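Work through the exercises below with the sequence and the structure open. Each task is followed by a solution in steps.

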Amino acid sequence: MKILIDTGAQYSFINEKCLKFFNQYKFSDIGHQKFFMADGLTYFIVTGIIHLNINIGDIITSIPAFITKKLCTNLILGMDYLTKYDLDIQPKKKSILFKFDSQQIVIPINTETTLVDFPVKLSRSIKILPKSEQQIPVNVNISTAILSFRPSFNFIQKTSIYSPHASLNIKNYSTLLTVINPSNCPRYLRKGIIIGIATYNNPQSYSVANNENSIISNSFNSSSQKINTITIPPPLPTIQQTISNLLLHIVEQIQHDSIQSLLFKFQSTFDTSKYTVAQTKLSHVIETYPHTPPVSKCYPSNPTSIAEMRLIINKLLEAGLIRKSQSSYAAPALLVKKKDQTWRLVIDYKKLNSVTIKDNYPLPNMEVTLQTLDAGYRYFTKFDLKSGFWQFPIDEKDRYKTAFITPFGLFEWLVLPQGLRNSPPRHIITSTTVSPLPEKIKSIISLPEPRSLSEANRFIGALSWYRKFIFNFSSVAAPIHAITNLTKSNRHKFKWGPEQSKSFRELKQLLTSTPLFLNFPDDTQPVLLSTDASKVGLGGVLYQEINNVKKVLYYHSELLSPAQTRYHPIELEALAIFKCITRMKSFLLGRNIIIYTDNCPLCHMMQKKISNKHVDKISLLLQEFNIQQIIHVQGKYNCLPDYLSRHPIPSDDELLDYDYGLGFTKDKSSSSVQLIGAVVTRSKAKLMSRNIDSPPFSSQQQNSLNFSSLSSHDFNKLRDVNEHFDIIKLKEHQQNDSQIQKVIDDLKQRPNISFEYQNGILYKLLSYIREKIKRKLIYVPNSMLNALLFSYHDNPLVGGHFGVRRTLEKIRQQFWWPNMKNFIINYIKSCVVCQAYNVSRQKRPGFLQPITPPDGPNQLVGIDFCGPFPTTPQDNRYVLCLTDYYTKFITAIALPVCSASVTANAIFKEFICRYGVPKAIISDQGTSFKNQLMHSLSKLLGYHHIFCTPYHPQSNGQVERFNATFVTQLAKLTDAELNNWDEYLCSIVFAYNTGIHSTTNMSPFELTFGRKANLPIDHPPTSFIFPHPNDYFQQLVRNLELYRVTVKQNILKQQQQSKTRYDRHRKNPEYNIGTTVLIRNFTNRSKLDPRFSINTKIIIRKQHPIYWVEDINTKSVSQIHVNDLRPLMNN
């Protein structure tokens, strides 16, 4: 089987024809879904999804693949597969490297395929109707073949006719091809026009393995590693096999056979391959307060998650757990990924839970349950229900309340889903009845003994929360108090001894035993959970207050993973709540919970959305718990959870080691690299390991710095330094420097020159200003200059990437070489890190380039969007502004969205149909304006569409200036809700158009219509005198000609004044083709992000002040204004 690895494909696809090579297969029907190609227009249809197992050597990999009928190859592995298995494509070696935990496997790339291209020509002239899709006859210079077709860009651009990528079945040199005409006008295509290219591929051979449901690829050399098989995952084991697996732990054969025969009699009960609903007269009731049905929109999803959700929904429909709904309720559904890469369906029932009446039913008392077990029992059985929630039916009259919305319909539950309030509790029963479960006190038992005064103080401080509830606390803690209550001058006398160790153990025993510690919660009181998070771990304490006395139920602490240490503080605090509740689940389900946290924004996360998507996901996963309230508490009153979070223990419970796809990135840290006086990135370490043979560190080098877990933003790798400055090698480098050797020879002839040669090293004798004694400065050879500058500038400990003055002052204390200052200046200018991060204190370069004023109205019009604003009752959120560059007349249109179709429709109806077609329109390069529809509109109507330089709004300054003006006016007039701004838009625009413009000294209305506007406050004229009928027209012509001359002079005068003011104290550098530059980062960045991109670019074309630059690595070309360029000097 031929496999195409496509880095441009977001997902994986398989040709439907390939499924016949599997002996048996089953795929999920997801309906007909459209997947679009890179051009955003061409699409193909996907009909299903299938899960494939792909054997790479001895490793089994898996991926879901979408099924399509028309594919250019058998199987496409997209970025979902490449990202999941970290593929390394090596073009030079013509191989692909698969990286697994235990091994690496190299797969050679097949390059023997011969590709032949044939032009696809139209057989006869034809007319393509508007807004239609039809098949046209085409000719290809090959008699019979199946070819892959791709449309010609020139054909699309010239005709505005689209043809999707397709597979052509050529018979007798001809076939039919589907084309689409999206315009409102017919298109005429002449005979012989080239529509696209058809590519011929070598035929593929397949060998089908017997009885293995696999396809073996013949694409790879047998002497190398290969993709062995592609298989369908095996079916689930039989019921009896499942029961046998449950009994593997029973050693005694008689007992094993006896219980196996018993379970086989009731084997249908253990059939976990299908869902069952309990046959009970009881059903779950959802009692609510009087309310309006809560309705939410469907969450946006990508094609993969939609397909996965459709699979889950289809399974639930088949199992009879849900049904289609016509309810007035609608809660949004979403998928979260579990650790095993499967998906979990989650419904956001926050709005429904807020109007649900809480149940008040007595919970089964765990302690009483255990006490009913008499002594002497040796065997205990634990039953776990498969999808226990889904086995409990919902009352018929309340099912409509559970309705949830998906991208493909509305559904409602027939059984109890997770996430609803008042879900029943679940309990754990163990063979012990008195002693607490080890996991409940493990975080306390594992606490290490303090080894410093600060650690001892923190431990005692953490226990202050409980001291009044612990009998004889002062006596037990006295040895520790004796060494912690020290004055500042006596703190050095701290010593942790045997007495303190004994006291430490006794205090931990008091924390984990009665009367402070409870084995079971009191059902009459709510449970309280106090959590905290630090940069190293999470901590939490579950307790109750019984008769104003704290009783602890559970201690928990957990070590953060390397990735989790980089979370935002609010995410860490939310994660602490989630992890503690997950760990303590058996104590919390069905009980009223009050949570204490020292992060105030989390207090409302269960009632409304938080501006953090990870926190929102956590709140959805906690819906099944009855969280009454989240209360903010000051850190000083949250001592023990804080102490536990700073002394966490690693999590070793795989059953609870999941993240439910909270979306946090995984850490890919590598081993640390030890070097002297330098930071080395991972890629630089690999380079050095190949190029440098470094001797083992000597005893003098034990103080070297250890920089581990380096950030990906460490850009020192861009500095090409293969060797660090080593003073030991100075003599050797001086001997090899011709300039230094020449000075040494001159010194022998003229000993009075300002140099000194001592112990085989040449020094420069130099005295600075106000110094009487000359200094001996080492003469640095040319071969060591870059290494020296790297150590004194790039090294974070010594240089820290400071500027010229600081670097020069440090170096000149010990070293010298000719033209030293200029060399340092050039080195720092060539430093990518400095150029990317440094703040310029000067004005941005580039003089103002005014646009030549047009000669009349409607010749040059600027357009731009302003918004989004608060949504109005008419659903408007954006304003499309059009400004005439001559008259300054404004047209503003309120719109609900800024899509291409809405924009084109508004321009045509609201502007062109009223004022005519302008000669040119200028806009930015946003997707609202730069798209095929707007291109077709400009061609159809005959105007020229000019696009501004990206991220340079000054190019369309006229409309940008109005945007800044009218937003302020809207804000002044809107109501308290801020959502009726569109009611005042027209009046504000009219007021602007009838006012005198500062540039033209006339009103935009007068310049447009040749007369002044009649305002509501003006007195209407009582008479009109026209001696001749055409007098008005002649006067209008004279007025407009006078306006044209006067207005153009006023605009040119204003432009010159603005240019003089803008250009003052501003540089206007011009760069040559081939200059290496950095470009400004235009995306949102934090204070620590670089101001300029660290990826170097090269100027390949110029039209000052506009430059076209090419990325050195990706070869992508960008158009950049000189404002946003920073030159990088080649060192």
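**Exercise 1. Cysteines**

Decide whether Cys-834 counts as buried or exposed, and find how many disulfides the whole structure holds.

Solution. This is a predicted model.
- Step 1: Cys-834 has a relative accessibility of 1%, so it counts as buried.
- Step 2: Cys-831 also has a relative accessibility of 1% and therefore counts as buried.
- Step 3: The cysteine sulfur closest to that of Cys-834 belongs to Cys-831, at 3.5 Å, which is too far for a bond. A disulfide would need the two sulfur atoms within 2.5 Å.
- Step 4: Starting from Cys-831, the closest cysteine sulfur is in Cys-834, again 3.5 Å away and too far for a bond.
- Step 5: The search of the whole structure gives 0 disulfides.

**Exercise 2. Helix 4**

Work out which residues of helix 4 are buried and which exposed residues its opposite face carries.

Solution. 
- Step 1: His-256, Gln-260 and Leu-263 are the buried residues of helix 4. They lie on the same side of the helix, because the arc they cover around the axis is only 65 degrees.
- Step 2: Helix 3 (239-246) is part of what covers these buried residues.
- Step 3: On the face turned away from the buried side, helix 4 carries the exposed residues Ile-254 and Lys-265.

**Exercise 3. Nonpolar cores**

Find how many residues the largest nonpolar core has, and which helix gives the largest share of this core.

Solution. 
- Step 1: The largest nonpolar core has 41 residues. Among those with the most contacts inside it are Leu-542, Met-605 and Ile-581.
- Step 2: Helix 12 (residues 569-583) supplies the largest share of this core, 9 residues.
- Step 3: Beyond its neighbours within four places in sequence, Ile-581 is in contact with Leu-529, Leu-588, Ile-595, Leu-622, Phe-625 and Ile-627.
- Step 4: Another core, of 33 residues, lies apart from the largest one; Leu-730, Leu-747, Tyr-792 and Met-820 are among its members.

**Exercise 4. A strand residue**

Say in which strand Ser-1118 lies, and which residues beyond its neighbours within four places in sequence it is in contact with.

Solution. 
- Step 1: Ser-1118 belongs to strand 45 (residues 1117-1121).
- Step 2: Its relative accessibility is 25%, so Ser-1118 counts as partly exposed.
- Step 3: With neighbours within four places in sequence left aside, Ser-1118 is in contact with Tyr-1107, Trp-1108 and Val-1109.
- Step 4: Trp-1108 is 10 residues from Ser-1118 in sequence, and their C-alpha atoms are 5.6 Å apart.

Key. Residues numbered from 1 in each chain as written. Predicted model: local features only at pLDDT ≥ 70, side-chain atom pairs only at ≥ 80, totals over all residues. Heavy atoms only, no water. Helix = DSSP H or I, 4+ residues; strand = E, 2+ residues; numbered from the N terminus. Buried < 20%, exposed > 50% of the residue type's maximum accessible area, 1.4 Å probe, protein only. Contact = heavy atoms within 4.5 Å. Arc of directions from axis to C-beta. Core = buried A, V, L, I, M, F, W, Y, C linked by side-chain atoms within 4.5 Å.
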